[in-house]
Amino acid sequence: SEIDAPEARVGHSALWTGARVIVFGGRPTASGGIYNPVTDTWESMAEAPQVRSSHCAAWTGTRMIVWGGYGQLSNDFPRSTLIYNPSGNNWIELPATDETPSARRDQHCLWTGSELIVWGGMEPTEESGRFEDVNTGAILSHSEGEGWQWRTMTTTDAPSPRAYSSLVWIDGVGMLVWGGFDGTYLDDGAIYDPEEDTWCSITAT
């Protein structure tokens, strides 16, 4: 059904919770919608504290975490973390820290089952409208005593800087990064172990 569906947008995210699809953000809005495929209906969701587009989003099992991308303006790249709780239809915003990833767009993220990993993408440069590929990232975890906290990832043996790569979590192995674009199409990657903070390269040959 298109009744109560989100308005037109681009650069948004969509994810599956196990029961519903959450569509969020994109230019030019901080709004979204929740789709129930069983009843073919849309539910409204509270607006986020900030507009986000070309961001990444992941489902933790109970919440949606949104990070990175553009903000309200084309030269605005927020580093704060947005977390949406559908059961309460509310958001919290975590301020950026020194360990939060650098501002960027078109990065990727995934949920490992216990942590969020953000990696790659393109950083804005001092020259307006220009971007630079990165191979940096960070991990967001939660503990009862400390709450949500970021920690940076090593770049030793990491894949070369790139955007538009694919990330896959493999239980018992780690995060596989493959392909992407840095001006040319890439056919290499690596596996990252978040417990050891190490990379192991893989190639197409």
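Modeller: Gladly. Let me begin with a cut-off: a residue is called buried when its relative accessible area is under 20%, exposed when over 50%, and partly exposed in between. Do keep in mind that this is a predicted model.

Colleague: Then why is Arg 9 called buried?

Modeller: Arg 9 has 15% relative accessibility. The limit is under 20%, so Arg 9 counts as buried.

Colleague: And what makes Glu 7 partly exposed?

Modeller: Glu 7 comes out at 44%. That value falls between the 20% and 50% limits, so Glu 7 is partly exposed.

Colleague: How do you know that Glu 7 and Arg 9 form a salt bridge?

Modeller: Their side chains meet with N to O at 3.2 Å. The cut-off is a Lys or Arg side-chain nitrogen within 4 Å of an Asp or Glu carboxyl oxygen, so the pair qualifies. The structure holds 5 salt bridges.

Colleague: What makes Arg 105 and Asp 106 another such pair?

Modeller: Here the N to O value is 2.6 Å, and the limit is within 4 Å. Arg 105 is buried at 16%, and Asp 106 is buried at 17%.

Colleague: Which residue forms a salt bridge with Arg 151?

Modeller: Glu 115 does, the closest N and O atoms being 2.8 Å apart. This pair links distant parts of the chain: Arg 151 sits in strand E14 (residues 147-152) and Glu 115 in strand E10 (residues 115-119), 36 residues apart. Arg 151 is partly exposed at 30%, whereas Glu 115 is buried at 14%.

Colleague: Which residues have the most contacts inside the largest nonpolar core?

Modeller: That core has 15 residues, and the ones with the most contacts inside it are Ile 22, Phe 24, Met 45, Met 64, Val 66, Tyr 84 and Trp 91. Strands E2 (21-24), E5 (56-59), E6 (64-67) and E7 (81-85) each give two or more residues to this core. Apart from it lies another core, of 13 residues, among them Leu 94, Cys 109, Trp 111 and Ala 138.

Colleague: What is Tyr 84 in contact with?

Modeller: Leaving aside neighbours within four places in sequence, Tyr 84 has contacts including Ile 22, Met 45, Met 64 and Trp 91.

Colleague: Last one: why is Val 168 called partly exposed?

Modeller: Val 168, in strand E15 (residues 166-170), has a relative accessible area of 43%. The value lies between 20% and 50%, so the label is partly exposed. Together with Ile 170 and Val 173, Val 168 makes a nonpolar surface patch of about 210 Å².

Conventions:
Residues are numbered from 1 along each chain as its sequence is written. This is a predicted model: local features need pLDDT of at least 70, side-chain atom pairs count only at pLDDT 80 or more; totals for chains, interfaces and linings use all residues. Side-chain values use heavy atoms; hydrogens and water are left out. A nonpolar core is a set of buried Ala, Val, Leu, Ile, Met, Phe, Trp, Tyr and Cys residues joined through side-chain atoms within 4.5 Å. Buried means under 20% relative accessible area, exposed over 50%, partly exposed in between (1.4 Å probe, protein chains only). Helices (H or I, at least four residues) and strands (E, at least two) are DSSP runs, numbered from the N terminus. Contact means heavy atoms within 4.5 Å. Patches are made of residues with over 30% relative accessible area and no salt bridge: like charges are joined within 9 Å, nonpolar side chains (Val, Leu, Ile, Met, Phe, Trp, Tyr) within 5 Å. Accessible areas come from the Shrake-Rupley method with a 1.4 Å probe; for residues, only the protein chains shown count as cover.
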